[in-house]
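Here's a quick tour for anyone meeting this protein for the first time. Have a look at the sequence and the model, then read on.

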Amino acid sequence: MDRRVFGIWAGGVSLLAVMDALGWWRDYADGAHSVGLGLAQSMASSLTWVPVNISVYLLTVRFPIGRSRPVRAVLVHLAGYLVALCWLSGRMFLFDPVLHWLPPGRGFGAEYLRNLGAYLTMYVEWVGVAHGVYYFTQHRRRREQLARARDQVARAELQALRAQVRPHFLFNAMNTIAAFVHDDPQRAEQMVVRLSTLLRRSLEQDGSLEVRLREDLEVLSAYVDIEQARFEDRLAVEWRLHPGALDALVPPLLLQPLVENAVLHGISPRDAPGTVTISARPDGSWLQLVVTDDGVGLPPGRPRAGIGLANARARLSQMYGPEHLFTVEPRPDGGVAATVRLPLRTARA
């Protein structure tokens, strides 16, 4: 929660309460009330709404009504209203000995039922205002995060490119091509084309912080073709792509280092054939990307690390803050799974 926004909210509703109290007393105080009692009643009536307004904001921050679990959020706010109504009804009895609010003989239950519908409109209005403030601050925070990321995007992309086309990769790719030049010229030509596509698309990045997933997959496909030519029958790649995920926005060059690590650290160290699976699917308001391999797994007590994974982790943290998940974990049946979970936003939005 943004403490500055919370302070502004608390101060604002307190000021509004004082102004409302003074306005109410000006418009409605008459000879039946002394000046002091009328002002005290209107001031108490308005100021006792302040904890309700602050609670509404805190509930909105914790349970905003949006695409993620809207029913739960509505039920939480409904429960919040019933609790707030206990306070708004109970305040009458709390201050009545001094302010003489209640007629003789009225009990708490009758007061609670009388106020059940009376305060609902006001409560809903404050919930709406709180959501406006919440989503405005979320939008502003995301713009600030993107601005910070834009300052580092050139260096991040150069680091990602260096991880992608490190000298050992180029050396291995060129050796593979050279091995096919005489025995399979057509295959060698195809590999040169794919290598050219990989380098060209990598260098074509225009500084955009996000691209469509389908565009990132085009670069990844060129890389996968080269690796499959290198490893021949030892490397199989499965693509499990949900159509609803292809227009989702992701950081450029996100998946390539994950696949490279799966091939380099999972499949390459062993002689038996292996499979790398690349999956992408929407999951509610999230996009889930998973790269798995059935290779040698993680060394005991040592996480899988490298320039590519470190760069991916840093870029995701910079761009999305706490609104993302990035894990590299062993699979129960062997191998490793790298999982990325991002807010689902599309280029059409």
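Helices (H or I, at least four residues) and strands (E, at least two) are DSSP runs, numbered from the N terminus. What you're looking at is a predicted model, where local features need pLDDT of at least 70 and side-chain atom pairs count only at pLDDT 80 or more, while totals for chains, interfaces and linings use all residues. Residues are numbered from 1 along each chain as its sequence is written, and side-chain values use heavy atoms, leaving out hydrogens and water.

**Overall**
- The protein has 11 helices and 7 strands.
- Of its 349 residues, 41% count as buried (buried is under 20% relative accessible area, exposed is over 50%, and partly exposed is in between, with a 1.4 Å probe and protein chains only).
- Contacts are heavy atoms within 4.5 Å; among those in the protein with a separation of 6 or more, 75% come from residues 24 or more positions apart.

**Strands around strand 7**
- Strand 7 (residues 336–343) is mostly covered, with 7 of its 8 residues buried.

**A buried loop residue**
- Ser285 lies in the loop between strand 4 (274–283) and strand 5 (286–293).
- Ser285 is buried because its relative accessible area is 18%.
- Leaving aside residues up to four places away in sequence, Ser285 touches Arg67, Ser68, Leu342, Pro343 and Leu344.

**Helix 10**
- Helix 10 (residues 255–267) is largely enclosed by the rest of the structure, because 11 of its 13 residues are buried.
- Those buried residues include Leu255, Val259, Glu260 and Ile267.

**Rings**
- A search of the whole structure turns up 2 aromatic pairs (rings of Phe, Tyr and Trp, using its six-membered ring, pair if their centres lie within 6.5 Å; planes under 30 degrees apart are stacked, over 60 edge-to-face and the rest tilted).
- Tyr134 and Tyr135 have ring centres 5.1 Å apart and planes at 75 degrees, so this pair is edge-to-face.
- Tyr134 is buried at 13% relative accessible area, whereas Tyr135 is partly exposed at 39%.
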